[in-house]
Amino acid sequence: MEECTETARERREEERLRNVNLDDWLPITSSRTAKWYYSAFHNVTAMVGAGVLGLPFAMSQLGWPTGVAAIASSFAITLYTLWQLVELHEPAPGGGKRFDRYHELGQAAFGRRLGVCLIVPLQLIVQVGTDIVYMVTGGQTLKKFVELACDGRCADIRLTFYIMMFASAQFVLSQCPNFNSISAVSAAAAAMSLCYSMIAFFASVLKAHPAAAAAVDYGFKATTAAGRVFGAFNALGAVSFAFAGHNVVLEIQATIPSTPERPSKRPMWRGVVVAYAVVALCYFTVAFGGYHAFGNAVAPNVLISLEKPRWLVAAANLMVVVHVIGAYQVYAMPVFDMIETVLAKKLHLRPGLPLRVTARSAYVGKTSPFGSKIL
């Protein structure tokens, strides 16, 4: 009996050591040296996506009162729920259990098996789906930039090839080992999101309308009740899509060091506050400025409604490309972590560079052809 107990202890200890070694290699937990501003970069990159450019169109489907209420309430709700996640990441600060991954918090709440079954599929749908959307968006905006820059002088190239050009950058960046290694890319993406949002806002405000200001129509575009209801639901979906980013918060906080004197939630929350200040600046200005300038004639992407100056609109599209490149990696990093965990634990493959290159390249390859086919 004692021998069986001792054997069980040895097995548990071996399993614990394997998990520790694996955590030292996995992209979420291999580096815990992030600063508070890393959190700000990653959160801005994850939150302020190309969806912000669709907020004026969402306003056109809802009108001023409902549109303002929808965007303001979404901002408040997402900030509050994000604060809850930051607090739940480390219930016992400095040495206690850290929920480094979203599904680990789900397992603590719902049980080991049910937590995985409930959280992992939903998280993968959001993260993989967002990467596919960003793959397509990156190709579309790259194509738009080339068309604006060439002004009809360049040969017409199919959108599929632009998506593949965008994917080629992801093949390279996907080999960055962990979240901290993409901090510079994320910082550049966050800066670009702020820049193109401000371009969209100022270009909308300064745009000279051909008629008097009263000619801008703020009424509903749809003329039937069914059309208005459908448009309202479509607009609420666009607002919800714009306020994404929660599904990578725990993974971002996992990269921040924690001690009893300075738990990780303090620098993480500091970064979140800075990030949400940027979110407020981008979202409210673009949504209200774009709708004010164009009314219900605004395009689903406000940059499309802006035709001049050509060079400025081209620059904004290029900024969108740079931002989406970084955002793709922020959403892909937790997926890489899941894939590499399964390959190492379930299939017993040796953690290392060959496994990383193969798994991540396969993921990028799978998101890019599928993104091309859905067009």
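## Salt bridges, a bent helix and a nonpolar core

Let's start with a charged pair: Asp100 and Arg32 form a salt bridge, with their closest N and O atoms 2.8 Å apart. The two partners come from distant parts of the chain, 68 residues apart: Asp100 sits in the loop between H3 and H4, while Arg32 sits in the loop between H1 and helix H2 (36-47). Asp100 counts as buried because its relative accessibility is 7%, and Arg32, at 28%, counts as partly exposed.

Keep in mind that this is a predicted model. The mean pLDDT of the chain is 86, and 89% of its residues reach 70 or more. Confidence is lowest in helix H1 (residues 2-23), with a mean of 58, and highest in helix H9 (residues 249-253), at 94.

| Pair | N to O distance |
|---|---|
| Asp100 and Arg32 | 2.8 Å |
| Glu87 and Lys265 | 3.3 Å |
| Glu104 and Arg101 | 3.0 Å |

Glu87 is in helix H3 and Lys265 in helix H10 (residues 265-294), so this pair ties together parts that are 178 residues apart in sequence. Glu87 is partly exposed at 30% relative accessibility, and Lys265 is partly exposed at 28%. Glu104 and Arg101, on the other hand, are both buried. These two also belong to a network, in which salt bridges with shared partners join them to Asp23, Lys97 and Asp337.

Now have a look at His89, in the loop between H3 and helix H4 (102-110). Is His89 buried or exposed? His89 is buried, because its relative accessible area is 0%.

Helix H3 (residues 55-88) isn't straight. Its 34 residues would reach 50 Å in a straight helix, but its end C-alpha atoms are only 31 Å apart. Where is the kink? There's one of about 125° at Gly63, shortly before Pro65.

Finally, the nonpolar residues. The largest core has 84 residues, and Val48, Val52, Leu53, Leu55, Phe243 and Tyr283 touch the most other members. Helix H12 (residues 310-345) gives this core its largest share, 16 residues. Leaving out neighbours within four places in sequence, Leu55 is in contact with Ile71, Val239, Ala242, Tyr283 and Ala287. Another core, of seven residues, lies apart, with Leu22, Ala344, Leu355 and Ala359 among them.

Terms used. Residues are numbered from 1 along each chain as its sequence is written. This is a predicted model: local features need pLDDT of at least 70, side-chain atom pairs count only at pLDDT 80 or more; totals for chains, interfaces and linings use all residues. Side-chain values use heavy atoms; hydrogens and water are left out. Helices (H or I, at least four residues) and strands (E, at least two) are DSSP runs, numbered from the N terminus. The expected span of a helix is 1.5 Å times one less than its number of residues. The bend at a residue is the angle between axes fitted to the seven residues ending there and the seven starting there. A nonpolar core is a set of buried Ala, Val, Leu, Ile, Met, Phe, Trp, Tyr and Cys residues joined through side-chain atoms within 4.5 Å. Buried means under 20% relative accessible area, exposed over 50%, partly exposed in between (1.4 Å probe, protein chains only). Contact means heavy atoms within 4.5 Å. pLDDT is the predictor's confidence in each residue, from 0 to 100. A salt bridge is a side-chain nitrogen of Lys or Arg within 4 Å of a carboxyl oxygen of Asp or Glu.
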